[in-house]
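Please look over the structure below.

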Amino acid sequence: MLLMVRRQAPSAYIVLDPGHGGQDPGAVAPDGTREADLNLAQALTLKEYLVALGYRVGFTRTSDVYVPLSERIAMARRMGARLFVSVHHDTPTASRPGVYYSPHPGSEELARTVAAALGEGAWVRPSSASRFGRLYIDDFPGPAILVEFGPTRPTSREERIARAQAVASPIAEFTRRWTA
């Protein structure tokens, strides 16, 4: 009989940051779909796969509330995060997914790994290249990325699952190597 044991990685704490929330809806599609809602649903789905891979996962928000950007980083630090993954969706007219990375060691490698999992054509950019200027992920002291999972538009549970499955293993593998 083969026994499968899930390896727990206690020091590899990952914080998922579902962007926007509360009075900040983020991008809004013509049909009223709010980026904040998509971000939360995608982050909750991603957590399922990271936990199944043996990782402890925390959140900056788990409901439709506004959390200031500086507080998101402070929360992650208080939770003992080793990795910070901000979950976003781009404008409704965006054509491709992509990943921004902070200037901290490991961030670019993580961004490239996640972008490859998002599929051909996914872009990778330093946080300084954001149209919003400097991104708050730069304030996290370790590897930090902001993932734009695609345009803000209605998405099915199946699509969220496919995206979560695609990026969970690369995030877990990076975390395993980074925290070893």
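In sorting residues by class, Ala, Val, Leu, Ile, Met, Phe, Trp, Tyr, Cys and Pro count as nonpolar, Asp, Glu, Lys and Arg as charged, and the others, Gly among them, as polar. By these classes, the lining of the largest pocket holds nine nonpolar, seven polar and seven charged residues. The model is a predicted one.

**The largest pocket**

- The volume of the largest pocket is about 360 Å³.
- The pocket is lined by 23 residues, and the closest to its centre are His20, His88, Phe132, Tyr136 and Leu146.
- Helix H2 (69–78), E3 and E6 each contribute at least two residues to the lining.
- E3 gives the most, with three residues.
- Histidine 20, one of the residues closest to the centre, sits in the loop between strand E1 (9–18) and helix H1 (35–52).
- Histidine 20 is not a glycine, yet it has a positive phi of about 65 degrees.

- E3 is mostly covered, as eight of its eight residues are buried.
- Leu83, Val85, Val87 and His89 point one way from E3, while Phe84, Ser86, His88 and Asp90 point the other way.
- E3 pairs with E6 in the parallel sense, over six bridges.
- In this pairing, histidine 88 stands opposite glutamate 148 in E6.
- Histidine 88 is also among the residues closest to the centre of the largest pocket.

**Aromatic pairs: phenylalanine 84 and tyrosine 136**

- Four aromatic pairs turn up in a search of the whole structure.
- One of them joins phenylalanine 84 and tyrosine 136 edge-to-face, with 6.3 Å centre to centre and 85 degrees between the planes.
- Phenylalanine 84 belongs to strand E3 (residues 83–90) and tyrosine 136 to the loop between strand E5 (123–126) and strand E6 (144–151), so the pair ties together parts that are 52 residues apart in sequence.
- Buried means under 20% relative accessible area; phenylalanine 84 has 0% relative accessibility and therefore counts as buried.
- Tyrosine 136, with a relative accessible area of 10%, is buried.
- Ring pairs link Phe84, Tyr136 and Phe140 into a cluster.

- Tyrosine 100 has a relative accessible area of 5%, so it is buried.
- Tryptophan 123 has a relative accessible area of 8%, so it is buried.
- Arginine 125 lies over the face of tryptophan 123, at 4.0 Å from the ring centre.

**Strand E4 and its partner E5**

- Gly98 and Tyr100 point one way from E4, Val99 and Tyr101 point the other way, and all are buried.
- E4 and E5 run parallel and are joined by four bridges.
- Tyrosine 101 stands opposite proline 126 in E5.

Notes. Residues are numbered from 1 along each chain as its sequence is written. This is a predicted model: local features need pLDDT of at least 70, side-chain atom pairs count only at pLDDT 80 or more; totals for chains, interfaces and linings use all residues. Side-chain values use heavy atoms; hydrogens and water are left out. Rings of Phe, Tyr and Trp (its six-membered ring) pair if their centres lie within 6.5 Å; planes under 30 degrees apart count as stacked, over 60 as edge-to-face and the rest as tilted. Buried means under 20% relative accessible area, exposed over 50%, partly exposed in between (1.4 Å probe, protein chains only). A charge sits over a ring if NZ of Lys or CZ of Arg is within 6 Å of the ring centre and within 35 degrees of the ring normal. On a 1 Å grid over the protein atoms alone, a cavity is a set of points where a 1.4 Å probe fits but cannot get out, and a pocket is an open set with protein on both sides within 12 Å along at least five of seven lines; lining residues have an atom within 4 Å of a point. Grid points are joined across faces, edges and corners, and a volume is the space filled by probe spheres set on the points. Two strands pair if DSSP finds at least two bridges between them.
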